[in-house]
Amino acid sequence: MRAVLASLVLLLALAQASYAQTAPPDPRVPLWLAQLQDPAWQNRMQTFYAVLNSTGPVSGSGEYWVGPATTKIVSVSPNLGAAFIALLGLENTFGLNLLNDLPEDFSDYWADVVIAVAALNDPTALDVLSAVAHTGSIATNAIASFGSLGLDRAKRLVRNKDPQVRISGMLTTLAIAKAATSRKELRLRAEAIAILLFGLFDRDPEVRITALYALGELRSKEARASILALLSRDLHTGADSEHAEAFAREREEAKRVLRRIDD
Amino acid sequence: MHRQLAFLFLATFAAAPTWAQVCKPFLPDPPAFPLAVRSSGSAHIVITPPSGPQVSFSSPFSRDILYGYPPDYFFAAVGEGWGSSFFKCNGLFGVRGATAILTSPPFLVTTVVSSTSAGAVQITEDGTNNLPINDGFPCTAAAPCSSDVVRFRKVHNYDLVTGLYTLTHVTDRTSVWLDPSNGNRVVTVAHDEGERTATLKLKCGDERDKLADEYLSSAVTIKPKCQDFTQARQDLNFGDYSWALLKLGMTAGLASWSTGGSPIASAYRNPVHNRSVGGASDSKHMWGVAVDVGNVTQSVAEHRRLRAAALRAGANWIEGLNGPCKLRCVHADWRKDAGGYVP
């Protein structure tokens, strides 16, 4: 925890130092940088939305507004990028460590900070994005967008002790494999499939189901033998297990994926 | 002149009871803190807000000046002299008559209300003092008009929904307010010849008008249009109306979310309903992109299973065990969906 806080302070200091070198055009930036570190999340939230709203209307493409607004404001005031990454670190510390009663407004705002940081497309954000990979596709897709760098993160995620995090690692890997379509990315795709095959033998059934699902999405013929092995194993051990329901779903998913691969 | 002033005074105060219903004065009358609104000449307004820079405006239109500055301080300055009535109405602003001294000639003013692509109603005032009178009296050689040609063009943007309104009538001294009895936006106009009211009627022609107005008067970022609402998928409508907003991305995501038959605990909520259940001020339930699936057994294992399935269904944001739902349900949303609404 102390190490996380120390790195956050360092990030914020870097954001301010960076600001000092290149004065941004918007005179409110110094105040915003300070307010984004406010001890009260409500004040940080207010500042976050004030910063985004300062860009005025963003494109009416139907895309959720936070990403485009972030891109717009950071193109004018680049220092805010580092400040947003540090902000996500702060919100992760608050959101992940509060055991109960996460306020409604906080949860909604936290998701928007993740979207803002994802929009930065900045590899220095990989740490803070990985910390929230289990919250959904905003984070997993953002990590996946870094290709091989993202796959390194996915490898760490699939070794996490929390099954939900391992599931997000599998889905990050799936997104990387799906995007790796060119000839020069064949190795990346093969590496991603290897991670998914590794997931078939996870101790948690939900992780295995996710690995199956991912291999089905990729129609990975390499997975056929492993899935058959999985089916065989579950037939012998699943019936008496207290996780019988999960095993049943797993077998169903395995059969569905086999059909999909053989199609 | 006195007769005209008295009439103006009465005419402008005639709107006061309605204002009192929808707006709260946010400054004592007269202002007690240093927010100075003063005018000189035809209309030179200097505004010193409690914080932030001083701003000034010049306008040949010296009777009613409506300004919102800065965005948090919507206020209206009325006439020349000291503005004496300030209202903040949830993002709308209005003006109540004041004991302003009317020294300018009456103008014929045309006010045009139109929609903008940015989702606002734009009110443009364009006027010319083309009456052969000054201060209510005909111009004569003995008493020439002091300023008989004044052209101005002023644009006010009100945060209303594009395409929802039809204007029936407006003229000068315009203010826009919400009539709580029927949910209509009303343009109130105080005019030398009496007060005129223009009603901006919502075009949907059904309860969507009221529903859309909830969005206008709340903190929700989106301002939906008539065609965005649907009566399909009533199983996802947890609001107070038969209409709901449902994004296609959410319904597709929900279809692939293997919930194992767990019931839907909440999906679409209209703003008033969302407030009543303690939802976030910009909750994605009001956007039609969020679903809470009930955790019938209230077990951690079932919560985990539902979250895992939501991840596989590509949900953008899934709340954990410490989220507002706690063990009761799993909240997932597809807020980044750029697709359309369920028709």
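Me: Which residue stands opposite Asp292(B) in β18(B)?

Reply: In this predicted model, the residue facing Asp292(B) of β18(B) is Ser266(B). The strands β17(B) and β18(B) pair in the antiparallel sense, over 2 bridges.

Me: To which other strand of chain B is β18(B) joined, and over how many bridges?

Reply: Strand β20 (residues 329–333) of chain B is joined to β18(B) by 5 bridges, and these two strands run antiparallel. One of the pairs can be named: Gly294(B) has Cys329(B) in β20(B) as its bridge partner.

Me: What packs against β17 and β18 of chain B?

Reply: A helix does. The general idea is that an α-helix has 3.6 residues a turn, so residues three or four places apart point the same way. In helix α4 (residues 248–256) of chain B, the buried residues are Gly249(B), Met250(B), Thr251(B), Gly253(B) and Leu254(B). The buried residues of α4(B) pack against β17 (264–266) and β18 of chain B.

Me: How does one read a nonpolar core, and which residues have the most contacts inside the largest one?

Reply: In soluble globular proteins, nonpolar side chains tend to be buried together. Here the largest nonpolar core has 114 residues, and Phe48(A), Val117(A) and Trp257(B) have the most contacts inside it. Helix α6 (residues 104–120) of chain A gives the most to this core, with 10 residues. Leaving aside residues up to four places away in sequence, Val117(A) touches Phe84(A), Ile85(A), Leu88(A), Ala125(A), Val128(A) and Leu129(A).

Me: How many salt bridges does the structure hold, and which residue forms one with Asp108(A)?

Reply: Over all chains there are 22 salt bridges. Asp108(A) forms one with Lys284(B), their closest N and O atoms being 3.1 Å apart. Asp108(A) lies in helix α6 of chain A and Lys284(B) in the loop between α5 (271–276) and β18 (290–294) of chain B, so this pair joins two chains. Asp108(A) has 9% relative accessibility and counts as buried; Lys284(B) is also buried, at 1%.

Me: Where do the partners of the salt bridge between Arg312(B) and Glu206(A) lie?

Reply: Their side chains meet at 3.1 Å, N to O. Arg312(B) lies in helix α6 (residues 300–312) of chain B and Glu206(A) in helix α12 (residues 205–218) of chain A, so this pair too joins two chains. Arg312(B) is buried at 13% relative accessibility, and Glu206(A) is buried at 5%. Elsewhere, salt bridges that share partners join Asp108(A), Asp112(A), Asp282(B), Lys284(B), Asp333(B) and Arg335(B) into one network.

Me: What does the salt bridge between Lys155(A) and Glu191(A) tie together?

Reply: The closest N and O atoms of this pair are 2.5 Å apart. Lys155(A) lies in helix α9 (residues 148–157) and Glu191(A) in helix α11 (residues 186–199), both of chain A, so the pair ties together parts that are 36 residues apart in sequence. Lys155(A) counts as partly exposed at 23% relative accessibility, as does Glu191(A) at 31%.

Me: What is the mean pLDDT of chain B?

Reply: The mean is 58, and 41% of the residues of chain B reach 70 or more. Over residues 143–179 of chain B the pLDDT is below 50, although this stretch has 170 contacts in the model beyond near neighbours in sequence. The model scores ipTM 0.87 and pTM 0.66.

Note on methods. Residues numbered from 1 in each chain as written. Chains lettered and ligands numbered in written order. Predicted model: local features only at pLDDT ≥ 70, side-chain atom pairs only at ≥ 80, totals over all residues. Heavy atoms only, no water. pLDDT = per-residue confidence, 0-100. Contact = heavy atoms within 4.5 Å. Core = buried A, V, L, I, M, F, W, Y, C linked by side-chain atoms within 4.5 Å. Buried < 20%, exposed > 50% of the residue type's maximum accessible area, 1.4 Å probe, protein only. Helix = DSSP H or I, 4+ residues; strand = E, 2+ residues; numbered from the N terminus. Salt bridge = Lys/Arg side-chain N within 4 Å of Asp/Glu carboxyl O. Pairing = 2+ DSSP bridges.
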